[in-house]
2 protein chains.
Amino acid sequence: MLVKGKHYLTVWMEGRTVYMIEQNLLPFQFRIFESPNYQTSCMTIRDMITRGAGAIGATAGFAMAQAALEAPKETYQAFIDHARKEIEATRPTAYNLFFVVEKVYEAACKSPEKAFEEAQRLAQENVDDGKKIGEFGNTLIKDGYRIETHCNAGWLGFVDYGSALSPIYLANRSGKKIHVWVDETRPRSQGARLTAWEMVNENVPFDIIPDNAGAHYMSKGMVDMMIVGADRIAANGDTANKIGTLEKAIAAKYYNVPFYIAAPCSTIDMNTKTGKDIPIEERSHDEVLYSNGPDKQGDFHTIMTCAPGSSAKNPAFDVTPAELITGIITNKGIIKPTIEEIKSLF
Amino acid sequence: MLVKGKHYLTVWMEGRTVYMIEQNLLPFQFRIFESPNYQTSCMTIRDMITRGAGAIGATAGFAMAQAALEAPKETYQAFIDHARKEIEATRPTAYNLFFVVEKVYEAACKSPEKAFEEAQRLAQENVDDGKKIGEFGNTLIKDGYRIETHCNAGWLGFVDYGSALSPIYLANRSGKKIHVWVDETRPRSQGARLTAWEMVNENVPFDIIPDNAGAHYMSKGMVDMMIVGADRIAANGDTANKIGTLEKAIAAKYYNVPFYIAAPCSTIDMNTKTGKDIPIEERSHDEVLYSNGPDKQGDFHTIMTCAPGSSAKNPAFDVTPAELITGIITNKGIIKPTIEEIKSLF
């Protein structure tokens, strides 16, 4: 996707170097980080210089390839075995990371070159999956559509294209006139910060709206469809995604607004039977009580946004039951959120 | 209600002086403003030193009484006529302000003393109405209830007690164990700032939650009821209130959580037939794009919370249809949101 008019991926590898957008600086600064070795790449995942399931997976795969290229011939196997463990320990809950690292590790057992090729192939697959989601999703978007999205399921979370935003990019590029309602997505404001940053750079018409305003615009007939991403999709179609997704899905149902999940098939976890089996992470309460950003002079501050002495709760995700979901846009096509249609993907 | 253990009203009058909490400094500073004359009282309304329909109304009534007490005998009538116009021009859309000023003006036409008495009587009526709402509402609250509220419909918006929070105060004081979920209420964060400040001072157990989290807690069975205030109630029960109220009402309906509006009868506008007739104010987009507050050293900053180059929308209110409202808690009792029951109040 475009950044200031130039095409970028979130992460890529040339020679032994991994390059990535420093996502922790966005949206206020755009900088490319150069990681010369696998241990530095591990650090970029751990310290969230790179973020988003797909981007993390690709970075981990490249890190595994770096390890294979760096490994001394005499201790090759021990070196890559150790590196694999180190890479896997960076973000222990990231499912996609394990999937990619295993594949690149298997290739590394053959040769460093095979590892490099496999890491590149998997990164390209990530791009292709995003593009396919975009193509399938674009068939749902009509000229003049006003599309609401929540959080950031854009290209920054993948290698390119993204999930929920990919259909929006393809619709915009194909000349359809669209307008995007970008939910702010408190408390971390990924909508206002990352999705809005993507929209600005890709020149997609949009407005940030407070999370409170979605139902209001639906009630006025000003939302034609909603597309969001997914953190995990259970075998029955129940979907865990950023907190607030559930509330939007309920409002969309009430106002008959089509509500779509967009995600690559790798997001579907057949071992999770229903949404009830998905644990919800409780994050730091400071994310609710404080806010940070630059003032008009560009100096960064962390400010208190609540009454002193307050406590808070901060559930990071919620689970949207399948009955509220119109369809799931995957890289293999658009399906209904039923056990039968989900099984048919595999 | 209590502030640091001491009882306060939001606004009161002694002699010719009007005293009020400087609400524009809350929640970070607590200070009482002394207004020596009616023109200064006008300024406090215009500059939002005092805020909230009920508190504005009482302040305007006191200002009218101040004018009567200040008026030279020779030009008495011309002085109070002019003062009335000046007071009414401070917040031209505030319905309650006109109601109170008219009554105090009529008394002022008789004598300054009558004006003073009438202003005091109306302020006391505001307190009594809030207390009655609290007593009726408290009958709905069971021991152990977890109650969600949106925005600030507390005592700060009235002279004392408030509307949505009054039942919560009376339940808490009567020894019921309750817990309040305080919606942050973006973009102005009246929940996190004002409602939380009231809860801290009245020692009511609470947590601030992101506006995105309400439906999540409802889905977990962790919300027993919801009470919110109202800016205007139409003759058919449709209710305009802070943006986000509608979304909560839809979620509450989906999860069978009782959803109550609390408001004095003066909030009901029989000339507004349905919610469709209520215009929605669009406020400054900067409220969405910027945030302000103190850093850890107590220095105040305004920071940007979104991607540079973003635009935003900021509807201040939404309309909740009567069908989503379980009941309306008024100073005359709890009614269903139907034309018949609303008419019976008058």
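Me: In this predicted model, which residues in H2(B) meet which residues in H4(B)?
Reply: The model is predicted. On the side of H2(B), the residues are B:Ala53, B:Gly54, B:Ile56, B:Gly57, B:Ala60, B:Gly61, B:Met64, B:Ala65 and B:Ala68. In H4(B) they meet B:Asn96, B:Leu97, B:Val100, B:Val101, B:Val104, B:Tyr105 and B:Ala108.

Me: How many residues of the contact of H2(B) with H4(B) are charged?
Reply: The contact of H2(B) with H4(B) has twelve nonpolar and four polar residues. The number of charged residues is none.

Me: Are H2(B) and H4(B) roughly parallel or roughly antiparallel?
Reply: Helix H2 (residues 53-70) of chain B and H4(B) have axes that come within 8 Å and cross at roughly 25 degrees. Angles under 35 degrees count as roughly parallel. H2(B) and H4(B) are therefore roughly parallel.

Me: Are H3(B) and H4(B) roughly parallel or roughly antiparallel?
Reply: Helix H3 (residues 76-88) of chain B and helix H4 (residues 95-108) of chain B have axes that come within 11 Å and cross at roughly 175 degrees. Angles over 145 degrees count as roughly antiparallel. H3(B) and H4(B) are therefore roughly antiparallel.

Me: How many residues of the contact of H3(B) with H4(B) are charged?
Reply: H3(B) contributes residues including B:Asp81, B:Arg84 and B:Glu88, and H4(B) contributes residues including B:Glu102. By class, the contact of H3(B) with H4(B) has eight nonpolar residues and one polar residue. The number of charged residues is four.

Me: Which residue in the turn between E14(B) and E15(B) has a positive phi?
Reply: Strand E14 (residues 290-294) of chain B and strand E15 (residues 300-304) of chain B run antiparallel and are joined by five bridges. B:Pro294 stands opposite B:Phe300 in E15(B). The two strands form a hairpin with five residues between them, and the residue in the turn with a positive phi, of about 90 degrees, is B:Gly298.

Me: Which are the edge strands of the sheet of seven strands in chain A?
Reply: This open sheet has the order E8-E7-E6-E9-E12-E17-E18, with mixed pairing. The twist averages 25 degrees from one strand to the next. An edge strand pairs on one side only, and the edge strands are E8 (206-209) and E18 (333-335) of chain A.

Me: In E17(A), which residue is the bridge partner of A:Ile261?
Reply: Strand E12 (residues 259-262) of chain A and strand E17 (residues 327-330) of chain A run parallel, joined by three bridges. In E17(A), the bridge partner of A:Ile261 is A:Ile328.

Me: Which strands of the sheet of four strands in chain A does helix H9 touch?
Reply: The order of this open sheet is E13-E10-E11-E16. Strand E11 (residues 239-242) of chain A and E16(A) pair in the antiparallel sense over four bridges, and A:Ala240 has A:Val319 as its bridge partner in E16(A). Helix H9 (residues 245-254) of chain A packs on this sheet at about 30 degrees to the direction of E16(A), and the strands touched are E11 and E16.

Me: How many residues apart are A:Phe30 and A:Trp197?
Reply: The rings of A:Phe30 and A:Trp197 are stacked, 5.9 Å centre to centre with 25 degrees between the planes. A:Phe30 lies in the loop between strand E4 (17-21) and strand E5 (32-35) of chain A, while A:Trp197 is in helix H7 of chain A. The pair links distant parts of the chain, and the separation is 167 residues.

Me: Is the peptide bond from A:Leu26 to A:Pro27 cis or trans?
Reply: A:Pro27 lies in the loop between E4 and E5 of chain A. The peptide bond from A:Leu26 to A:Pro27 has omega near 0 degrees and is cis.

Conventions. Residues numbered from 1 in each chain as written. Chains lettered and ligands numbered in written order. Predicted model: local features only at pLDDT ≥ 70, side-chain atom pairs only at ≥ 80, totals over all residues. Heavy atoms only, no water. Pairing = 2+ DSSP bridges. Contact = heavy atoms within 4.5 Å. Axes fitted to C-alpha atoms, helices over the stretch in contact; angles between N-to-C directions. Phe/Tyr/Trp six-rings, centres within 6.5 Å; stacked < 30°, edge-to-face > 60°. Parallel < 35°, antiparallel > 145°, perpendicular 65-115°, else oblique. Nonpolar A, V, L, I, M, F, W, Y, C, P; charged D, E, K, R; others polar.
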